[in-house]
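Keep the structure open beside you as you read. We will start with helices, move on to a sheet, and end with the confidence scores.

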Amino acid sequence: MEKVIEVKNISKTYVKRKTKESITAVNDISFDVYRGEVLGLLGPNGAGKTSTIKMICGLLAQDQGSIHINGMDVRKDRLKALRHISAVLEGNRNLYWRLTVRENMEYFAGNRGRSRREMTNQIEKLIIQFGLKGKENELVNGLSRGMQQKLAIAVALLANTEVILLDEPTLGLDVEISYELREILKTIVKEDRRTIIISSHDMPVVQELCDRVTIINQGTVIVDEKVNNLLELFETRAYSIKLGNPLTENQESQLLSTFPLCTYKRGPLQALVEVNLERSDDIYDLIEIFKAERTIVESIDRASIDFEQVFMKVVKGERNYAMA
Ligand SMILES: Nc1ncnc2c1ncn2[C@@H]1O[C@H](COP(=O)(O)OP(=O)(O)OP(=O)(O)O)[C@@H](O)[C@H]1O
């Protein structure tokens, strides 16, 4: 597969003006994005996602390292490289507030070698796809936040660039709009096969849309893996164990010290342990804890897991999330 975006060893340190304190937001990050791939750029607050996206679209200069888009250096060949990118950044909408929905679309579609008819057809298609029908002649100013966000993404698509960067596309939207946007993006991803980077805290969006994720924490990459592989890996390790009698206090504290990320739910007569067994030997440690007080194990089942749980486990630093 052909690399469209190549991020090599980039770093960025900010120096606070008042205190002169320096903050390393990005520390030697590298990753590639291949043609037609949807990459999720994830990480907890302050991990360095927005800084990374801003460097990719040339809004922020890295201190070290290089970024190439279709082989063009974003710093040295800036204009040529940026011709391939459209970005929707958080809180920085690519829209004119005093123009209507349709005027914005027509303005940003530009010509880009397309005939007027072709452009009008694409605008019509996006108006329907993004649920903007009936709003075409309204000023952006008066639209709801969800509508503005949908229009911002539609406008980014209209530029017909190969690369689209979406920073937190569903942030601050209510559940319904967020779901609707996710479904629209799903169709676009399937139909268009553009190369997309999505930075998001919205794990259902990531699970549904992304082929691969790069997870960063404190400015460095901690995981770069296909979404399905990560889910599979954690699924094969997640167990749900039903106990016929609750654990003693001593057993409970041993369980939580051996498996700090497990959950223990105690009922009056029964109990449930949900645990991730990272190494095959872990099962023996677990059984030893139950055996010590002759606890009845009623069943051991594989637990289902979603991407939100995978993300939390990776970020909280389970001992070994690398692929076996
Ligand atoms: N202009 C700036 N000046 C000083 N520090 C900054 C600046 N921009 C970002 N930072 C700091 O750099 C670190 C990384 O910030 P960045 O916005 O890239 O992270 P993020 O992963 O996008 O976070 P979030 O999910 O909260 O948006 C944070 O500690 C942030 O406070």
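An angle of 65 to 115 degrees between two axes counts as roughly perpendicular, and one over 145 as roughly antiparallel. Keep those two cut-offs in mind. The model you see is predicted.

Two packed helices are described by the angle between their axes and the distance between the axes. Begin with helix α8, residues 227-235, and helix α11, residues 307-316. Their axes lie 10 Å apart, and the packing angle is about 80°. So α8 and α11 are roughly perpendicular to each other.

Which residues of α8 and α11 meet? From α8 come V227, L230, L231 and F234. From α11 come F307, V310 and K313.

Now turn to a second pair. Helix α4 covers residues 116-129, and helix α5 covers residues 145-158. Here the axes are 10 Å apart, with an angle of about 150°. The cut-off for roughly antiparallel is over 145 degrees, so α4 is roughly antiparallel to α5. Is the crossing of α4 and α5 left-handed or right-handed? It is right-handed.

Look at the side of α4 that takes part in the contact. Q122, I123 and L126 belong to α4. Their counterparts in α5 are A154, L157 and L158. The contact of α4 with α5 has five nonpolar residues and one polar residue. It has no charged residue.

Next comes a sheet. It is open and has four strands, in the order β12-β13-β11-β14. The pairing is antiparallel. Where are the edges? The edge strands are β12, at 263-266, and β14, at 297-302. Each of them pairs on one side only. On average, neighbouring strands in this sheet are turned by 15° against each other, with direction ignored.

Zoom in on one pairing. Strand β11 spans residues 238-243 and runs antiparallel to β14. How many bridges join β11 to β14? There are five. Find S240, then look across to β14: its bridge partner there is D301.

The protein has an average pLDDT of 89. A score of at least 70 is reached by 96% of the residues. One stretch to pick out is residues 319-324, where the pLDDT is below 50. Beyond near neighbours in sequence, that stretch has eight contacts in the model. The model as a whole has an ipTM of 0.96 and a pTM of 0.82.

Notes:
Residues are numbered from 1 along each chain as its sequence is written. This is a predicted model: local features need pLDDT of at least 70, side-chain atom pairs count only at pLDDT 80 or more; totals for chains, interfaces and linings use all residues. Axes are lines fitted to C-alpha atoms, for helices over the stretch in contact, and angles run from 0 to 180 degrees between N-to-C directions. Helices (H or I, at least four residues) and strands (E, at least two) are DSSP runs, numbered from the N terminus. Angles under 35 degrees count as roughly parallel, over 145 as roughly antiparallel, 65 to 115 as roughly perpendicular and the rest as oblique. Two residues are in contact if their C-beta atoms, placed from the backbone, lie within 7 Å. A crossing is left-handed if the near helix is turned anticlockwise from the far one by less than a right angle, and right-handed if clockwise. Ala, Val, Leu, Ile, Met, Phe, Trp, Tyr, Cys and Pro count as nonpolar, Asp, Glu, Lys and Arg as charged, and the others, Gly among them, as polar. pLDDT is the predictor's confidence in each residue, from 0 to 100. Two strands pair if DSSP finds at least two bridges between them.
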